[in-house]
Amino acid sequence: MKLIIISGFLGSGKTTLLLGLVRRLTSGNGCDFVILENEVGEIGIDGVFLEKQGLQVKELYSGCVCCQLAGDLVVTLREIKDVLDPDGVILEASGLAKVESILDTLDRYYGELEGTMVISLADLERFELYQEEPMPFVINQIRYADLVVLNKTDSGDGELTATMAAKLAELNPDAEVIGVSALEGSNLDLVAERLGTWMRTTS
Amino acid sequence: MDAHDFVTFSARRKLAPLTAGSPRDLLLSFLTDYVKALGTSGCSIIGHIKGIVEDGESPPLFFSATSLSGEPQLKGGPLGQGSDLALTITVIVSGVDTEQLSRLLDDCLAGYFLCTLHGG
Ligand SMILES: Nc1nc2c(ncn2[C@@H]2O[C@H](COP(=O)(O)OP(=O)(O)OP(=O)(O)O)[C@@H](O)[C@H]2O)c(=O)[nH]1
Ligand SMILES: [Mg+2]
């Protein structure tokens with residue numbers, strides 16, 4: 001069982017991207033996934049949305065898997081492995097999550113994964129916010145990503161997209177940065193291809 | 001600004017539309033008012049305002065707002081007209097506390113709906 005962590009600031013498009021990717025990967029690669037939704041709110045919203053789309057969803061809410069719910073994350077991953085044993089679990093981390101802490105928890109307490117891939121989203125609509133208010137946990141999400149997805153490219157022009165992509169590449173020179181519109185589906189095939197290749201090859 | 005500077009507030013309400021307009025339009029007007037009210041009450045960043053409105057029969061309507069200036073987004077529905085609605089909402093923002101978030105929610109809902117608390 002492999003783990004894909006989708007992280008990114010609040011409202012950056014994680015759920016929208018996740019749905020687009022799962023649809024592509026289940027039809028194209030025959031992979032089966034369980035979705036693990038983490039929300040800091042006391043009531044799960046994204047889980048309801050994804051279940052209505054026909055996905056199999058588990059929820060961890062009322063806290064963040066990087067801190068308060070770190071133990072619950074490990075327990076839930078074990079349960080998913082024991083009961084369902086899917087090819088992959090896609091964890092949508094809360095928008096406030098520090099990815100480094102999630103990876104640290106997994107390193108220490110759950111060594112059974114066949115591989116972990118972190119996809120972190122940045123949001124072109126928030127370009128100004130990111131400049132004016134560089135938030136440490138958001139920077140951490142980008143720094144610890146294996147793949148950085150610059151979402152909402154439909155909301156800005158090519159120049160702004162290139163400027164923000166360059167800033168993201170500076171934060172994480174080792175990761176590929178792919179610009180997408182998760183809403184319109186543009187470039188999602190490329191992200192799905194990267195993920196599909198990783199699913200087939202990593203062990 | 002770090003993760004602990006954000007405040008999270010979740011609530012459920014039962015809504016009866018005050019006018020005969022489409023529930024979708026009423027919801028959009030409420031959301032626009034709520035975002036505006038947050039902006040004038042010291043909210044500096046809207047992380048995400050999101051939720052679900054259900055009438056018990058039609059497909060649910062999902063809504064989302066991610067900035068103080070942009071338009072709220074709706075997907076799903078359409079909700080039936082004239083029926084009572086169940087609202088589930090989560091608000092994650094900075095600069096206002098949960099009491100303010102709750103009071104402003106009910107103030108803004110009251111412009112369009114008769115609103116009662118709604119459990120579980
Ligand atoms: N313009 C535009 N809007 C998008 C895009 N992707 C997502 N959105 C919108 O952004 C809002 C938030 O999207 P979500 O997918 O719920 O974001 P999220 O990161 O899962 O949000 P949280 O889980 O609450 O942190 C919704 O209104 C989406 O429709 C995109 O590519 N372009
Ligand atoms: Mg989400």
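## A loop residue in chain A

A:Asp85 is found in the loop that runs between α3 and β4 (88-92) of chain A. Helices (H or I, at least four residues) and strands (E, at least two) are DSSP runs, numbered from the N terminus. The model is a predicted one, in which local features need pLDDT of at least 70, side-chain atom pairs count only at pLDDT 80 or more, and totals for chains, interfaces and linings use all residues. Residues are numbered from 1 along each chain as its sequence is written, chains are lettered from A and ligands numbered from 1 in the order in which they are written, and side-chain values use heavy atoms, with hydrogens and water left out.

A:Asp85 is not a glycine, yet its phi is positive, at about 40 degrees. Most residues other than glycine have a negative phi, and most peptide bonds are trans. The relative accessible area of A:Asp85 is 43%, so this residue is partly exposed. Buried means under 20% relative accessible area, exposed over 50%, and partly exposed in between (1.4 Å probe, protein chains only).

## Other backbone features

A:Ser62 also has a positive phi, near 70 degrees, and is a residue other than glycine. A:Ser62 belongs to the loop between β3 (57-61) and α3 of chain A. With a relative accessible area of 42%, A:Ser62 is partly exposed.

In chain B, the peptide bond that leads from B:Gly77 to B:Pro78 is cis, its omega being near 0 degrees. B:Pro78 sits in the loop between β4 and β5 (85-94) of that chain.

## Chain A as a whole

Chain A contains eight helices and seven strands. A compact globule of 203 residues would have a radius of gyration near 17 Å, and the 16 Å of chain A agrees with this. That radius is taken over C-alpha atoms, and the globule rule is 2.2 Å times the number of residues to the power 0.38. The C-alpha trace of chain A spans about 50 × 35 × 30 Å along its principal axes.

Of the 203 residues in chain A, 56% are buried. Contact means heavy atoms within 4.5 Å. Where contacts in chain A join residues at least 6 apart in sequence, 75% of them join residues at least 24 apart. The accessible surface of chain A is about 8,500 Å², and carbon and sulfur atoms account for 45% of it; such areas come from the Shrake-Rupley method with a 1.4 Å probe, and for residues only the protein chains shown count as cover.

## Chain B as a whole

Chain B has two helices and six strands, and its elements follow the order β-α-β-β-β-β-α-β from the N terminus on. Chain B has a radius of gyration of 14 Å, close to the 14 Å given by the globule rule for 120 residues, so chain B is as compact as a globular protein of that length. Its C-alpha trace spans about 40 × 25 × 25 Å along the principal axes.

Buried residues form 46% of the 120 residues in chain B. Among contacts in chain B with a separation of 6 or more, 74% involve residues 24 or more positions apart. Chain B exposes about 5,300 Å², with 52% supplied by carbon and sulfur atoms.

## The largest nonpolar core

A nonpolar core is a set of buried Ala, Val, Leu, Ile, Met, Phe, Trp, Tyr and Cys residues joined through side-chain atoms within 4.5 Å. The largest such core holds 47 residues, and those that touch the most other members are A:Phe9, A:Leu73, A:Leu77, A:Ile102, A:Leu106 and B:Phe6. Helix α3 (residues 70-83) of chain A contributes the most to this core, with four residues.

Leaving aside residues up to four places away in sequence, B:Phe6 touches residues including A:Phe9, A:Leu10, A:Leu96, A:Met135 and A:Phe137, as well as B:Met1, B:Ile45 and B:Ile92.

A:Ile43 lies in the loop between β2 (33-39) and α2 (46-52) of chain A and counts as buried, at 12% relative accessibility. Residues up to four places away in sequence not counted, A:Ile43 touches A:Tyr61 together with B:Ser10, B:Ala11, B:Arg12, B:Thr88 and B:Thr90.

A:Asn140, in helix α6 (residues 136-143) of chain A, is buried at 9% relative accessibility. Beyond residues up to four places away in sequence, A:Asn140 touches A:Lys98, A:Val99 and A:Glu100.
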